[in-house]
Amino acid sequence: TGETFKVTDFLWVASYPKSGCTWMRFIIAHLLFDVDESKSLIRAMVPNMHDWEGPLDYSWQGAHPVKTHLAYQNLPSRMHSRRAIYIMRNPLDMIDSAINYMCQNNAAMRDKFIDEFSRNGTIEPWGNTLGYSSWEENVMSWTKEDLGFPVLALKYEDMLEDTHSNIKKVAD
């Protein structure tokens, strides 16, 4: 049609669900934009690509920080990646966090969740429906090979153990 589109660069804050992405969004917003603790403002500064609406109002050095749980290969090709921070969490701890978040006190749902994750390495709709893939595929997609841009891979457990040093890595 002859239309031209402006290329937008993205700074990905990526992880499998329940692996620390929200915590990292707060860290990034504080480092880049020096904000208070307002959760709604953090959501605007480092939006979740899976539910954001409207324009991207915040950028850093011409790129927009955005959260995703997608496996790398499932990102839309038109979204130009400048760099990424990938947070990985021990899958047993991730499962426990997901159960606490999703299943509450529903024992049948909890058992179904554990069974499905044990068989498939994911649950639906996370896996194929939403494009997160399995936990292992998601981690490998962001960390196993050169993606053509820098990726800082951090372990959630290391972030807990030595938050200061890991935030310094993010800032650098």
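**Ground rules**

I am working with a predicted model, where local features need pLDDT of at least 70 and side-chain atom pairs count only at pLDDT 80 or more, while totals for chains, interfaces and linings use all residues. Residues are numbered from 1 along each chain as its sequence is written, and side-chain values use heavy atoms, with hydrogens and water left out.

**Whole chain**

I found 7 helices and 4 strands in the protein chain; these are DSSP runs numbered from the N terminus, helices being H or I with at least four residues and strands E with at least two. Reading from the N terminus, I noted the order β-α-α-β-β-α-α-α-β-α-α. The radius of gyration is 17 Å, close to the 16 Å of the globule rule for 172 residues, so the protein chain is as compact as a globular protein of that length. That radius is taken over C-alpha atoms, and the rule is 2.2 Å times the number of residues to the power 0.38. Along the principal axes, the C-alpha atoms fill a box of roughly 50 × 45 × 30 Å.

I then checked surface and burial. The accessible surface comes to about 10100 Å², with 49% belonging to carbon and sulfur atoms (Shrake-Rupley method, 1.4 Å probe; for residues, only the protein chains shown count as cover). Of the 172 residues, 42% are buried; buried means under 20% relative accessible area, exposed over 50%, and partly exposed in between (1.4 Å probe, protein chains only). Among contacts (heavy atoms within 4.5 Å) between residues at least 6 apart in sequence, 64% join residues at least 24 apart.

**Strands E1, E2 and E3**

Which strands pair with E1? I found E1 parallel to E2 (residues 63-68) over 6 bridges, and parallel to E3 (residues 80-88) over 7 bridges. Pairing here requires at least two DSSP bridges between two strands.

I also wrote down some partners. Val 13 stands opposite Lys 67 in E2, and Ala 14 has Thr 68 in E2 as its bridge partner. Ser 15 is bridged to Ile 87 in E3.

In E1 (residues 9-15), 7 of 7 residues are buried. One side holds Asp 9, Leu 11, Val 13 and Ser 15, and the other Phe 10, Trp 12 and Ala 14. E2 likewise has 6 of its 6 residues buried, with Ala 63, Pro 65 and Lys 67 on one side and His 64, Val 66 and Thr 68 on the other.

**Two residues I clicked on**

Asn 138 is in helix H5 (residues 135-143). Is Asn 138 buried or exposed? I got a relative accessible area of 0%, so Asn 138 is buried. Beyond four places in sequence, its contacts include Ser 15, His 69, Tyr 86 and Tyr 132.

Lys 169 sits in helix H7 (residues 163-171). With a relative accessible area of 47%, Lys 169 is partly exposed. Setting aside residues up to four places away, Lys 169 touches Leu 152 and Leu 154.
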